[in-house]
Amino acid sequence: MRRGTLIVVFSVLACLVIDWVLAQPLDVGESIRLQQEANLFFRQGREVSARSPEEAVEFYNKALLRFERLVRDGQVKNEKIFYNIGNVYFYLGDLGRAILNYRRAMLYNSSDANLLQNLEYARSRRVDKIQER
């Protein structure tokens with residue numbers, strides 16, 4: 001086998017192994033760690049938002065990555081996780097994704113007063129208000 005072909009084969013195998021490792025579900029300890037980090041980054045974003053909006057966006061993005069990894073890799077799907085993701089998107093100014101995730105949270109608990117309030121507030125902030133049928 002030529003050296004170039006061997007390098008290509010090795011690269012493909014390495015990519016497959018990396019994909020397999022990243023696709024493994026999270027264990028309980030990793031899920032707890034990710035949730036704690038996400039909550040911490042969200043709080044830090046809220047704390048610095050008035051004096052440093054750019055720094056707040058960095059914290060919100062870090063929180064979002066962890067919350068979304070919990071959903072994707074940790075198979076965590078409940079009211080709290082989607083509510084938190086909705087809040088992060090709201091503070092990032094992405095009202096569409098905030099509303100989407102508040103609606104996802106409603107699938108698990110449609111009577112939470114804070115959730116309903118956040119959903120209505122996000123809807124009221126839309127620029128493209130469309131009448132519901």
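Which residues does I85 touch, not counting residues up to four places away in sequence? In this predicted model, I85 touches L64, F67, E68, V71 and N101, with residues up to four places away in sequence left out of the count.

The contacts of I85 and N101 are set out below, in each case not counting residues up to four places away in sequence.

| Residue | Residues touched |
|---|---|
| I85 | L64, F67, E68, V71, N101 |
| N101 | F82, Y83, I85, G86, Y89 |

The C-alpha atom of N101 is separated by 9.9 Å from that of V88, a residue 13 residues apart from N101 along the chain.

Both I85 and V88 are also among the residues with the most contacts inside the largest nonpolar core, which has 27 residues, and F67, I81 and Y102 complete that group. The elements that give two or more residues to this core are α2 (28-48), α3 (53-72), α4 (79-92), α5 and α6, and the largest share, eight residues, comes from α3. In soluble globular proteins, nonpolar side chains tend to be buried together.

Helix α5 (residues 95-106) also meets helix α6 (residues 113-124), their axes coming within 9 Å and crossing at roughly 155°, which means that α5 is roughly antiparallel to α6. The crossing is left-handed. On the α5 side the contact involves L95, I99, Y102, R103, A105 and M106, whereas α6 contributes L115, L116, N118, L119, A122 and R123; the residues of this contact divide into nine nonpolar, one polar and two charged.

How values were computed
Residues numbered from 1 in each chain as written. Predicted model: local features only at pLDDT ≥ 70, side-chain atom pairs only at ≥ 80, totals over all residues. Heavy atoms only, no water. Axes fitted to C-alpha atoms, helices over the stretch in contact; angles between N-to-C directions. Helix = DSSP H or I, 4+ residues; strand = E, 2+ residues; numbered from the N terminus. Parallel < 35°, antiparallel > 145°, perpendicular 65-115°, else oblique. Left-handed = near helix turned anticlockwise from the far one by under 90°. Contact = heavy atoms within 4.5 Å. Nonpolar A, V, L, I, M, F, W, Y, C, P; charged D, E, K, R; others polar. Core = buried A, V, L, I, M, F, W, Y, C linked by side-chain atoms within 4.5 Å. Buried < 20%, exposed > 50% of the residue type's maximum accessible area, 1.4 Å probe, protein only.
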